[in-house]
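Here is a briefing on a protein and its ligands. Look over the sequence and the structure, then read on.

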Amino acid sequence: MSIEQIRVSEIFGPTIQGEGALIGQPTVFVRTGGCDYRCSWCDTLHAVDSAHRDEWCPMTPEAILMQVEILSGGNPLTVSLSGGNPAIQPLGGLIELGRKEGYRFALETQGSLAKDWFADLDVLTLSPKPPSSGMTTDWQRLAECVEAAGPETQTVLKVVVFDEADYAFARDVSDRYPHLSCFLQPGNHTPPAAADTDATIDMAGIMERMRWLVDRVTSDKWYAATVLPQLHTMIWGNLRGV
Ligand SMILES: C[S@@+](CC[C@H](N)C(=O)[O-])C[C@H]1O[C@@H](n2cnc3c(N)ncnc32)[C@H](O)[C@@H]1O
Ligand SMILES: Nc1nc2[nH]cc(C(=O)O)c2c(=O)[nH]1
Ligand code: SF4
Ligand SMILES: [Mg+2]
């Protein structure tokens, strides 16, 4: 694989961004393959589990942009870069190329790896992982991500919350970065297995967690927080590629 090739798990859309700062906005997803984390409840294992690496295609920025242009009918929109951890991939060239054509770029990462090209993004969503994930946040690395994005990129925090310990973690992250908007999303305790493209989801259970989370935030008077569901799961459940 040449240095400029990007490992792609899937490209799909247009759909709506289902999470966080751009919720509801039309977008095309470019999902890269490979992740340095193994969250216990990851909902995107087909882009994480190396058993699926044969399904990940090395693509040039030009080939990816061509696919995005076909899907969007040549009308520029926001491209959402996700994964896996997209920060592992050399995405700077794709962002530069796409921006010349009028596309905007948003990226979701856990904040374990900073890249210079974060400064060329329109939106950087940092989603450090709470205790329930089984992962440990390297605060220095997270700080490097915020630093790399700089003042031109809109950087936001998004924390998945399953329980009280996760909620305390979210408050800690937000306290460290009071100038960044903080989005809280209830965890999906029924994520699909890597090979499953449309697994059953316990939406009633997730909504119960969502009600608890709203209660938790309001009883704490944490009025700077924004609580949002994963909108795409409310519409399509665990269906892949939407
Ligand atoms: C699949 S990850 C990919 C990007 C990157 N690796 C990250 O974790 O930010 C995209 C978003 O989905 C969230 N997510 C993953 N599994 C989830 C689950 N079971 N319930 C709720 N959110 C989940 C992650 O926390 C992250 O905010
Ligand atoms: N519609 C939609 N919104 C999303 N927001 C974050 C997603 C992700 O898997 O990274 C995602 C996704 O897979 N689909
Ligand atoms: S960091 Fe993101 S993609 Fe990687 S395992 Fe965790 S939720 Fe999944
Ligand atoms: Mg997802």
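Of the 19 residues around ligand 1, Trp41, Asp43, Thr44, Ser127 and Asn188 come nearest; a residue is near a molecule if its C-beta atom, placed from the backbone, lies within 6 Å of it. This is a predicted model: local features need pLDDT of at least 70, side-chain atom pairs count only at pLDDT 80 or more, and totals for chains, interfaces and linings use all residues. Residues are numbered from 1 along each chain as its sequence is written, while chains are lettered from A and ligands numbered from 1 in the order in which they are written.

**Confidence**
- The protein averages a pLDDT (the predictor's confidence in each residue, from 0 to 100) of 97.
- For the complex, the predictor gives an ipTM of 0.99 and a pTM of 0.98.

**Ligand surroundings**
- The shell around ligand 3 includes Cys35, Arg38, Cys42 and Gln110.

**Cys42**
- An unreviewed UniProt entry lists Cys42 under "binding site"; such annotations may be inferred rather than shown by experiment.
- Cys42 counts as buried because 20 C-beta neighbours lie inside 10 Å (buried: 20 or more other C-beta atoms within 10 Å, placed from the backbone).
- Beyond four places in sequence, Cys42 is in contact (C-beta atoms, placed from the backbone, within 7 Å) with Val48 and Pro191.

**Lys129**
- Lys129 is buried, because 22 other C-beta atoms lie within 10 Å.
- Leaving out residues up to four places away in sequence, Lys129 touches Tyr37, Cys39, Gln110, Met135 and Thr137.

Conventions: Buried ≥ 20, exposed ≤ 12 C-beta atoms within 10 Å, placed from the backbone. Contact = placed C-beta atoms within 7 Å.
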